[in-house]
Amino acid sequence: MGTASERPSTSVEDYVKVIYDLQERGTGPVTISGIAERLTVSNSSVSGMLRKLSDLDLVAHVRYGDVHLTTTGEKLALEVLRRHRLIESYLVEALGYSWDEVHDEAEILEHVVSDRFVERIAEHLGNPTVDPHGDPIPTREGTIAAPQTHLLSEADPDEVGTIVRVNDSDPELLRYLAEHGLRIGTRVRVIDREPFGGPLVVQVGVDDAQERRSLGLIAAQALWVLPDGPEG
C-alpha cells in the first residue's frame, strides 16, 4: 500500500483503527455501541459496516457478540496507527503544534500521505517509538511494544509511578491535564481514592515541587502510569 489511492477506503481504515484502539486500551469488550460512540454514528451504521468488514476478512463478529479484528484487520490497523502517530510526532516536533492540536490534523492526513512520506518522517525524527501522547508507534514491520503500564484509575493508594501515556481523543481534556502539570514524564503518587467511582487524590511530583490534585474518573482513566520498581 504505497499510495493513498491503493488503500482501503477512509471509513474502512477509521473503523479498524477504532476497533484496535478499543481492544488495546482494554476497557472491556468491543461492542457496536462502543464503536458507534467513538465514531459518533448510529448503531445501525456500525452494524452495516461490520458486515462489510467481515466480508473483507477484517473483523470477526457474530450478532449480539463482541467485535474482534482478524489478523488481516490488525495488520491494517497498525499501518494506519503508524501513519497517525508519526504524523502527530512530526506536527509537534517540526511544526510546533501542541499535543492537544495534533489528533484531528492527523486524522485527516493519515489517509492521504504516502508510505514513502511517512517513512521520511520516521527517518527525520530518528525513528521514534512513541508519539507525543506516549502511544507506541508500530514498526514498519507491523509490531508494537506493549509496556507494563496500567490506568491511573486502577492504581492503589501510595503507588508511585510515571505518566507514560495519555488518551489523545479529547483536546479539552489534554489542555486540562497540561494546565495541572499532568504530562508525559510526570511522576505521581496516589494519595487516596474515594469509593464508588469518586475522585482520585494524587500528588503531582514526588521530589521537589509537589502539588495535590483531585482527579475525576474520566481524567484518571485517560492517564497510563508505569509503576516504580522495587527500588523506586
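Colleague: What needs saying about the model first?

Modeller: The model is predicted: local features need pLDDT of at least 70, side-chain atom pairs count only at pLDDT 80 or more, and totals for chains, interfaces and linings use all residues. Residues are numbered from 1 along each chain as its sequence is written, and side-chain values use heavy atoms, with hydrogens and water left out.

Colleague: Why is arginine 165 called buried?

Modeller: Buried means under 20% relative accessible area, exposed over 50%, partly exposed in between (1.4 Å probe, protein chains only). Arginine 165 has 9% relative accessibility, so it counts as buried. Its place is in strand β4 (residues 160-166). Helices (H or I, at least four residues) and strands (E, at least two) are DSSP runs, numbered from the N terminus.

Colleague: What makes a polar contact between the side chains of arginine 165 and aspartate 135?

Modeller: The term takes a pair of N or O atoms within 3.5 Å; within protein, one must be able to donate a hydrogen and the other to accept it, and residues adjacent in sequence count only if both atoms are side-chain atoms. Here the distance is 2.5 Å. The pair counts as a polar contact.

Colleague: How do you know that the buried residues of α6 line one face?

Modeller: The buried residues of α6 (residues 115-124) are Val118, Ile121 and Ala122. Seen down the helix axis, they fall within an arc of 100°, so they line one face. The arc is that of the directions from the helix axis to the C-beta atoms. The face turned away carries exposed Arg116, Arg120, Glu123 and His124. Among what covers the buried residues is α4.

Colleague: What makes the largest nonpolar core a core?

Modeller: A nonpolar core is a set of buried Ala, Val, Leu, Ile, Met, Phe, Trp, Tyr and Cys residues joined through side-chain atoms within 4.5 Å. The largest has 24 residues; Ile19, Ile35, Leu50 and Leu53 have the most contacts inside it. The largest share, seven residues, comes from α1. A second, separate core has 21 residues, including Ala155 and Leu174.

Colleague: Why are β3 and β8 said to pair?

Modeller: Two strands pair if DSSP finds at least two bridges between them. β3 and β8 (residues 223-227) have two bridges, in the antiparallel sense.

Colleague: What makes β3 an edge strand?

Modeller: β3 (150-151) pairs on one side only, as does β7 (211-215). The open sheet has six strands in the order β3-β8-β4-β5-β6-β7, with antiparallel pairing.

Note on methods. Contact = heavy atoms within 4.5 Å.
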